[in-house]
Amino acid sequence: MLTALIAWPALAALLLLLVPTRWAKHVALAASLAEFAIALPLWWTFVPAGGMQFQLDVPWIPAWGIRYAVGVDGISLFLVLLTTFLVPLSVLGSYSYITTRERGFYALMLLLTAGMLGVFVSLDLFLFYVMWEVMLIPMYFIIGVWGGENRLYAAIKFFVYTFFGSLLMLVAILALVYLTAQRTGVISFSYAYLMTNPGALGPVAFWLFGAFFLAFAIKVPMFPFHTWLPDAHVEAPTAGSVLLAGILLKMGTYGFLRFAVPFFPQVALHPAVQTAIVVLALVGIIYGGLVAMVQPDFKKLIAYSSVAHLGFVMLGIWALTLQSVQGALLVMINHGISTGALFFLAGMLYERRHSRMIAAFGGIARVVPLLAAVLTLVSLSSIGLPATNGFVGEFLILLGAFRTYPVAATIAAGGVIVAAMYLLPALQRVIYNPLDKPENERLPDLTPRELAVLLPLVACIVWIGVYPKPILRRTEPAALQFIQSVRASAAAMTAGR
Amino acid sequence: MPGSLLDALWLVPALPLAGFVLNGALALTRPGAKRAVSLIGVGVLLLAFAAAAGAVVAFARLPGGEPVVQRYWEWLPVGDLQVHFALQLDRLSAVMILVVTGVGALIHLFSVGYMHDDPGYARYFAYLNLFVFFMLMLVLGASFPVMFVGWEGVGLCSYLLIGFWFNEQINADAGKKAFIVNRIGDVGFLVAMFLLFRATGSLDFGDVFSRAAGTFPPGGALITAITLFLFLGCTGKSAQIPLYTWLPDAMQGPTPVSALIHAATMVTAGVYLVARCGVLFALAPVASAVVAGVGALTALFAATIALKQWDIKRVLAYSTISQLGYMFLGVGTGAHAAGIFHLATHSFFKALLFLGAGSVIHAMHHAYHATHAHDDAQDMRNMGGLRHQLPWTASLMWIATLAISGLPPLAGFFSKDEILSAAFAQGAVRPIWYAFWAMGIAAALLTAFYMTRLMLYTFHGANRTGEGARAHLHEAPWVMTGPLVALGGLTLAGGALNVSPLFGGGTWLHRWLEPVTAAADRLQPAVELSRATEWALVLGAVAVAALGIVGALRLLKPEALVPARLAPPETGLGRVLWKKWYVDELYDAVLVRPVMWLSREVLWKVVDARLVDGLLVNGSAVASRALGWVGSRLQTGEVGFYVVLFVIGVLAVLGAAVR
Amino acid sequence: MLLGPALLVSAVLFALGVAGVLLRRNAIVIFMCVELMLNAVNLTFVALAQRLGVAGQVFVFFVMAVAAAEAAVGLAIILAIYRHRQTLNLQNINLLKG
């Protein structure tokens with residue numbers, strides 16, 4: 001089943017190259033909807049318990065202990081669902097935005113889908129690395145070919161940044177496998193094997209963790225590794241921004257949850273490392289918000305807001321309480337939905353006015369009431385208004401983090417004010433204020449296609465805000481397992497030292 | 001039968017929510033359907049009032065007065081945190097839902113007339129319904145997080161309704177300011193929740209309050225911190241020092257909104273919260289003193305500003321801040337019933353005052369509209385003598401003015417008197433309360449003065465509206481005066497809710513609230529005063545009020561006023577008051593601008609663009625290019641040079657191998 | 001049998017080749033010198049094959065085959081350069097720089 005999830009979009013990408021250009025988008029939409037249909041049953045068949053499910057594990061390169069191993073647990077389940085949920089919307093949202101080389105664009109989108117899903121379901125470090133790179137290349141082209149004016153700079157920056165991190169990660173993976181093999185005599189890239197047979201890494205663990213940390217921190221992105229994000233977001237086409245924010249950033253936090261922290265708990269829980277990461281997360285929250293506040297470009301503002309949101313996630317992961325980890329998982333989902341919707345809206349505004357500048361708008365709520373209403377709701381979700389999804393996640397993170405780091409959580413709570421300080425003024429300058437530009441007087445309101453893109457997201461915003469239990473119930477065992485394993489092995493290692 | 005009415009408690013908030021959904025849909029699809037919108041908008045409020053009344057009656061029949069908690073679904077079930085989406089009806093929330101739905105229904109009705117010609121009619125009622133929904137969630141929530149849903153939700157509606165005429169920048173700015181200032185307070189609320197959860201392991205009201213006494217040593221640092229953080233939330237929502245500045249700006253919204261949200265209901269949420277958490281505050285004497293002190297100080301401070309405002313709504317806004325200060329003085333003193341009593345009576349007479357002001361503005365606006373004049377329809381200098389044109393409004397507003405000044409036997413007299421007596425009595429135990437009491441008395445004097453000033457300038461003396469416009473001034477239609485009359489009745493009779501034994505009353509509200517306040521009262525017993533002292537206090541308060549009114553009548557000369565556009569600028573102390581003690585300017589210079597400057601000039605342009613991106617990111621690119629350049633110098637392009645290097649290399653390797 | 005003189009001859013030939021490559025400027029001459037070096041190595045292979053086995057002689061064939069291919073490609077390049085630049089003096093040809 002998970003294999004079908006990876007194989008189908010890759011296959012569909014090839015198929016897409018065979019169909020005439022004018023059908024490309026429809027075929028891509030159908031393919032991505034089919035993908036969602038493949039993934040959706042996981043929601044019901046997933047058993048809310050710890051451990052991996054829907055596993056498949058066959059040898060791939062036996063000489064080196066490389067296997068094709070996939071599976072999902074509560075942590076990755078919702079990232080898989082979120083990915084398959086956002087891709088059809090992104091395709092639909094690109095219908096009028098992408099007008100050149102459509103076949104190539106949609107084929108890359110599907111290839112990207114395969115890569116993203118591969119990252120989330122891989123249970124073999126080699127496979128994980130391969131998928132990590134697979135997803136990198138289509139995104140590079142999506143930004144570099146269909147992006148804005150400064151697209152090449154942004155695309156190369158994105159690529160080099162991520163590639164830099166991922167090469168370090170590759171070194172760390174190889175070193176980890178080698179050191180483990182040295183101790184046990186078995187060469188294996190298997191996640192489960194490496195987890196159950198931790199090598200006596202000693203001081204090397206710091207360096208390996210550092211390499212993983214860089215790879216994932218760049219992806220998250222944590223301050224000060226974040227500057228690729230605004231450029232990439234601004235230049236990328238709408239669908240690219242949505243998937244970049246919605247899914248790709250989550251790979252960083254997912255990497256911490258799945259690999260970096262469980263492999264090296266003694267490092268992750270080292271007081272100095274803890275302090276450093278919590279401080280960086282806080283800097284991300286406050287700094288990202290403050291810088292977002294003064295952005296003249298709407299997409300850049302959203303990009304910096306992502307830095308702030310992901311700072312909450314990092315805080316939640318490191319606080320290591322059930323509430324905070326659950327909240328972090330929720331924020332990962334919520335950020336995909338809310339920020340995805342914001343990028344869709346920014347794209348829709350851009351299509352109407354051919355400007356991303358906040359100053360180009362003003363007072364348009366009178367002209368486009370529907371768009372204004374949706375934008376208001378989505379912004380409110382992004383600043384964490386109670387009874388929307390944004391609140392539930394951030395509240396849980398802060399509540400949980402407060403048990404571990406009271407001061408940090410209090411400062412992070414200040415980020416809630418900053419969130420209102422950057423989004424509300426922007427909202428005001430876009431849809432409120434005098435309607436003083438004649439170009440804005442005849443903007444068309446949302447079309448049915450655009451509504452079809454936004455309504456599922458809006459529905460999720462309200463649903464998760466009011467009744468998050470179905471999600472929390474499915475993620476709880478995995479979150480619990482994560483916390484317990486990290487705490488237990490850290491304790492064991494400290495005791496054994 | 002009573003049981004089933006209590007089971008229908010969810011209907012109370014659900015009805016306004018349904019109204020919001022329906023009106024919102026109409027606003028987006030058929031904004032012209034005014035009849036349907038009015039029917040839905042007012043109808044759901046009346047039904048909600050009926051449902052609330054039914055539930056309260058059913059509740060009153062239950063013995064004991066224990067809170068009834070209705071759990072609907074698990075909202076945040078995470079490990080040891082179990083938050084249900086649950087509503088709780090107890091005697092305190094019973095009072096609140098009746099006030100909210102009752103006064104709310106009257107104000108909805110008034111809005112039908114006031115907003116009749118507005119193109120955003122449907123949107124207006126959608127927001128108003130949504131506000132009532134969130135307000136009911138706030139007062140009915142059975143746990144801190146559910147209450148917080150309402151707490152932030154009302155802030156949202158306030159934001160939307162202040163900026164209702166969003167095409168004027170000043171309105172949108174005011175809405176934004178309200179939201180952000182409220183958010184600062186909300187963080188206090190959040191942190192208080194985190195502390196409570198860490199200490200007690202629960203966020204349900206029932207659990208927290210029953211565990212409080214066992215968990216927190218009285219006067220301890222933890223409980224003091226919790227209550228102070230909670231109170232920070234209250235200062236935001238209820239516009240107390242230092243977070244009061246948003247409320248006067250909030251007057252940019254439609255006047256019925258000011259009446260409903262910024263006078264009668266939302267701004268009282270902080271008082272409700274302190275009363276709800278009475279047990280916690282009783283355990284923290286320092287925090288209680290802060291609450292009472294901030295309340296007394298705000299009461300006095302806002303009253304001074306109200307003295308010199310010309311905008312009729314701004315006078316009322318500062319008056320609201322001042323009256324809220326009284327309520328905090330009450331609940332901070334531990335006189336929860338008195339605070340809630342003043343909350344209720346204040347919602348009657350202040351709603352009446354605001355709606356009356358709305359009626360005046362409505363008339364002024366129409367007059368200026370008809371004559372195409374561009375004068376300010378809210379400036380009292382453009383009014384005067386309106387009692388001839390608006391007799392109903394004038395007489396009803398006089399009732400409210402006398403009530404807020406504290407003249408017997410109107411509602412405000414009883415409630416204000418109780419608060420001041422309680423504060424004075426507390427002085428016997430903690431002398432600082434004498435200072436609070438004195439501030440309260442001084443504020444009462446100013447209150448009587450500025451309210452009389454408002455009435456004089458608006459309704460008496462010669463008319464300054466302008467020759468042409470004067471003919472167009474007329475009384476509002478019955479949908480607007482009807483609610484005024486109803487509120488006037490409540491203002492006259494509302495004091496009966498809680499007449500103190502001094503006047504032969506039975507303090508009905510006090511006894512009704514007893515199950516809620518009992519725990520706090522045990523921790524912080526009220527101080528009894530002798531009959532003679534009480535009489536002296538009452539007479540003194542009445543004398544002060546009368547002095548204020550008479551002083552205003554004597555000192556102020558409505559005849560000397562000129563219309564706003566001809567008026568000379570203020571000077572001296574008057575200017576300082578008119579400029580609101582320059583607090584907005586201070587905040588702007590000390591907080592807003594530095595933060596903006598820091599974000600733009602330092603964080604973004606220097607740290608982000610120069611340091612991280614310029615130095616580190618592009619810097620590493622430059623460094624690697626420079627390294628490449630050094631290497632490239634070796635490549636001369638001459639094959640001969642390469643061969644020389646090659647041979648040298650081979651010889652070197654050979655040499656190394658031989659050795 | 002004659003191993004010492006044979007190695008000496010090949011060493012002299014190789015040194016001549018290196019000197020030619022280093023000192024001459026004409027591309028054809030340099031090319032010839034490279035061939036000289038190759039053949040010097042071939043001589044060494046053959047001479048040593050007496051004592052160390054037939055593998056050395058086999059390797060000579062490989063070297064010759066590679067040298068033939070190299071001659072073809074190298075001459076073609078030289079010809080192309082000459083057509084392009086009308087000279088074979090390598091000091092004037094410095095396209096291969098960074």
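Student: How much of chain B is buried?
Tutor: Buried residues account for 56% of the 659 residues in chain B. Keep in mind that this is a predicted model.

Student: And how many helices and strands does chain B have?
Tutor: Chain B has 26 helices and three strands. Its C-alpha trace spans about 120 × 65 × 55 Å along the principal axes.

Student: What share of the contacts in chain B with a separation of 6 or more links residues 24 or more positions apart?
Tutor: That share is 81%.

Student: OK, new topic. How many residues of chain B are in contact with chain A?
Tutor: 41 residues of chain B are in contact with 45 residues of chain A.

Student: Switching to chain A: why does the span of helix H2 agree with what it should be?
Tutor: H2 of chain A (residues 21-39) has 19 residues, and at 1.5 Å a residue they should span 27 Å. Its end C-alpha atoms are 27 Å apart, so the two agree.

Student: Which residues in H2(A) are buried?
Tutor: Among them are Ala24(A), Val27(A), Ala28(A) and Ala31(A), and also Lys25(A) and Glu35(A).

Student: What do the buried residues of H2(A) pack against?
Tutor: They pack against four helices of chain A: H1 (2-16), H3 (41-45), H4 (74-93) and H5 (102-121).

Notes:
Residues are numbered from 1 along each chain as its sequence is written. Chains are lettered from A and ligands numbered from 1 in the order in which they are written. This is a predicted model: local features need pLDDT of at least 70, side-chain atom pairs count only at pLDDT 80 or more; totals for chains, interfaces and linings use all residues. Two residues are in contact if their C-beta atoms, placed from the backbone, lie within 7 Å. Helices (H or I, at least four residues) and strands (E, at least two) are DSSP runs, numbered from the N terminus. The expected span of a helix is 1.5 Å times one less than its number of residues. A residue is buried if 20 or more other C-beta atoms lie within 10 Å of its own, exposed if 12 or fewer, and partly exposed in between; C-beta atoms are placed from the backbone.
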